[in-house]
Amino acid sequence: MVKASHAAAVGLLALASWADAGATPAPSRSFDQITAGRAIYRQNCASCHGIRGEGAPNWERPDARGEMPPPPHNASGHTWKHGDGMLYRLVHDGWRDPFNKTSRLTMPSFGTQLTPIEIRSVIAYIKTMWTSEQSAFQRTESRREPFPPEAR
Amino acid sequence: MTGYESRPRPVPARRMMLSGAAGAVAVLVGLLTWHGANADASHTTSAPIVALGFDAQNHVLLKATAETLYRSADDGLHWTRVALPPGAHGRISAMATTARQAGLVYVSGPGLGVLRSGNDGRSWEDRNAGLPARSVETVAVHADQADTVYAYVAGRGIFRSRQGGLNWRLMDRGPRENILQLIHSNMPGSMQTGWLFAATASGVRRSMDCFCGWRNAGGLEGKMNAVTYDPRQPEQIYAATGKEILLSSNGGEQWTRLNAPGPALTALLVSPDGVLYAAGGGAVYRKRDHAGTWERLDG
């Protein structure tokens with residue numbers, strides 16, 4: 001469970017995010033969204049990306065199979081460099097690193113397992129792992145690459 | 001931001017790779033032209049060329065030495081000196097052009113920072129606001145977005161501007177090795193919009209343009225003086241090391257050696273129509289296809 005102080009911080013972050021995006025703040029919805037996103041993350045993402053978003057060991061180098069390991073989602077990774085639209089697309093469609101030595105997707109597709117709102121929720125949860133500077137950068141990127149209509 | 005207007009001055013002519021008497025005549029003609037045209041012409045015959053550029057829409061070939069920028073509207077037959085702002089101090093170390101916008105040229109270098117021209121060098125503007133220093137080693141333009149520019153500041157990292165250099169943001173510290181040249185390519189497969197390739201002091205490094213991690217491209221070793229790619233086939237990457245030209249047909253995974261013009265190479269470029277240009281020993285060379293021979297464009 002998330003501690004009360006952490007939850008409050010998450011709520012503030014979510015509020016800031018809503019305010020920056022020019023949308024009407026909806027604190028309860030944001031908090032619910034992050035709570036739901038945490039549960040989805042633990043069920044679908046944590047086994048590869050780590051329970052705290054720490055990623056796989058040695059994630060910056062190809063593994064023995066010639067595949068890039070799952071990167072961190074926390075502040076030590078690069079997830080915060082992507083806009084909302086790209087994060088949504090990566091979760092929904094998956095993605096294959098063109099230099100992997102196997103033909104399978106590097107990031108599996110979750111488009112048939114998760115609804116658009118669930119994908120948005122898990123992204124909202126991942127956003128709680130970033131620094132304020134990283135969050136600010138990601139909001140800027142998201143203005144160019146917002147969520148697709150089905151996730152709004 | 002400062003602006004500066006300049007007028008081009010003509011300088012010497014093209015010299016093909018000729019032998020014997022014909023070559024001697026060509027050299028003599030070139031020298032006579034040089035003396036008559038411009039006292040600064042020695043830059044075109046001896047100073048190393050540090051960068052090449054190509055304005056595809058105007059079909060203008062550009063070359064730069066550390067001190068001077070030149071343009072040619074006839075594929076190297078005649079060169080015209082392009083003046084930089086009189087207040088610009090430092091040396092040129094890189095140049096970037098794009099097929100997406102006619103006349104757009106960036107030059108960068110230690111002391112210069114980043115200079116931008118939207119009219120093939122007739123006027124220039126400082127584009128350094130937001131950069132921590134003017135020690136800009138190299139500059140690159142996004143393959144498809146003319147307003148997206150990358151600048152590498154030694155010791156600080158890679159900065160990106162999405163407004164043609166009007167403001168900059170630190171994106172990444174870059175690979176561990178010092179970057180000597182940076183290019184952006186629209187090779188498919190990126191999470192974002194393309195890839196960055198860096199010629200470094202030890203091999204070629206590659207990253208998606210989301211700055212999601214730098215990787216060694218093909219395990220090359222040694223100093224890479226230049227890197228470029230073929231806009232018609234973005235998986236084809238060229239790198240120059242010493243007197244050698246290396247070609248990868250799969251985005252930098254494997255490399256093969258191409259025949260090279262001879263001298264130690266300092267710059268590479270592939271024009272949008274697939275012509276490979278190389279600079280070395282103060283001269284520019286051209287090769288129209290892989291099987292073709294090198295043709296010297298100037299002396």
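The following legends describe close-up views of a predicted two-chain model.

Residues are numbered from 1 along each chain as its sequence is written, while chains are lettered from A and ligands numbered from 1 in the order of writing. Because the model is predicted, local features need pLDDT of at least 70 and side-chain atom pairs count only at pLDDT 80 or more, whereas totals for chains, interfaces and linings use all residues.

**View 1. Confidence of the model and the contact between chains A and B**. The predictor assigns the complex an ipTM of 0.78 and a pTM of 0.83. For chain B the mean pLDDT (the predictor's confidence in each residue, from 0 to 100) is 86, and 85% of its residues reach 70 or more. Over residues 1-44 of chain B, pLDDT stays under 50, and the model has 76 contacts beyond four places in sequence for this stretch. Two residues are in contact if their C-beta atoms, placed from the backbone, lie within 7 Å. Nine residues from chain A and nine residues from chain B make up the contact between the chains. On the side of chain B that touches chain A, four residues are nonpolar, four polar and one charged; here Ala, Val, Leu, Ile, Met, Phe, Trp, Tyr, Cys and Pro count as nonpolar, Asp, Glu, Lys and Arg as charged, and the others, Gly among them, as polar.

**View 2. The largest nonpolar core and a separate one**. A nonpolar core is a set of buried Ala, Val, Leu, Ile, Met, Phe, Trp, Tyr and Cys residues joined through C-beta atoms within 7 Å. A residue is buried if 20 or more other C-beta atoms lie within 10 Å of its own, exposed if 12 or fewer, and partly exposed in between, with C-beta atoms placed from the backbone. The largest core has 79 residues, and B:Ala151 and B:Val227 are those with the most contacts inside it. Apart from it lies another core, of 17 residues, including A:Ile40, A:Leu87, A:Val91 and A:Met129. Beyond four places in sequence, the contacts of B:Val227 include B:Gln181, B:Phe197, B:Val204, B:Tyr238 and B:Leu268.

**View 3. Strand S19 of chain B and its hairpin with S20**. Helices (H or I, at least four residues) and strands (E, at least two) are DSSP runs, numbered from the N terminus. Five of the five residues of S19(B) (226-230) are buried, so the strand is largely enclosed by the rest of the structure. B:Ala226, B:Thr228 and B:Asp230 point one way from S19(B), and B:Val227 and B:Tyr229 point the other way. In a regular strand the side chains alternate between the two faces of the sheet. Strands pair if DSSP finds at least two bridges between them; S19(B) pairs with S20(B) (233-241) in the antiparallel sense over five bridges.

**View 4. The open four-stranded sheet of chain B**. The strand order is S11-S12-S13-S14, with antiparallel pairing. S11(B) (136-141) and S14(B) (169-172) stand at the edges with a single partner strand each, so one side of each is left without a neighbour in the sheet. On average, neighbouring strands of this sheet are turned by 30 degrees against each other, direction ignored; the axes are lines fitted to C-alpha atoms, for helices over the stretch in contact, and angles run from 0 to 180 degrees between N-to-C directions. S12(B) (149-153) and S13(B) (157-161) share five bridges, and B:Val149 stands opposite B:Ser161 in S13(B). B:Glu137, located in S11(B), is partly exposed with 19 C-beta neighbours inside 10 Å. Beyond four places in sequence, B:Glu137 touches B:Ser93, B:Ala94, B:Pro110, B:Tyr152, B:Ala154 and B:Ile179.

**View 5. Helices H4 and H5 of chain A**. In H4(A) (84-93), the residues A:Asp84, A:Met86, A:Leu87, A:Tyr88 and A:Val91 are buried. The buried residues of H4(A) pack against H5(A) (116-126) and H6(A) (132-144). H5(A) is mostly covered, with eight of its 11 residues buried, among them A:Ile119, A:Arg120 and A:Tyr125. A:Gly94, with a positive phi near 75 degrees, follows H4(A).

View 6. Most residues other than glycine have a negative phi. B:His59 is partly exposed, with 15 other C-beta atoms within 10 Å. B:Asp75 is partly exposed, with 17 other C-beta atoms within 10 Å.
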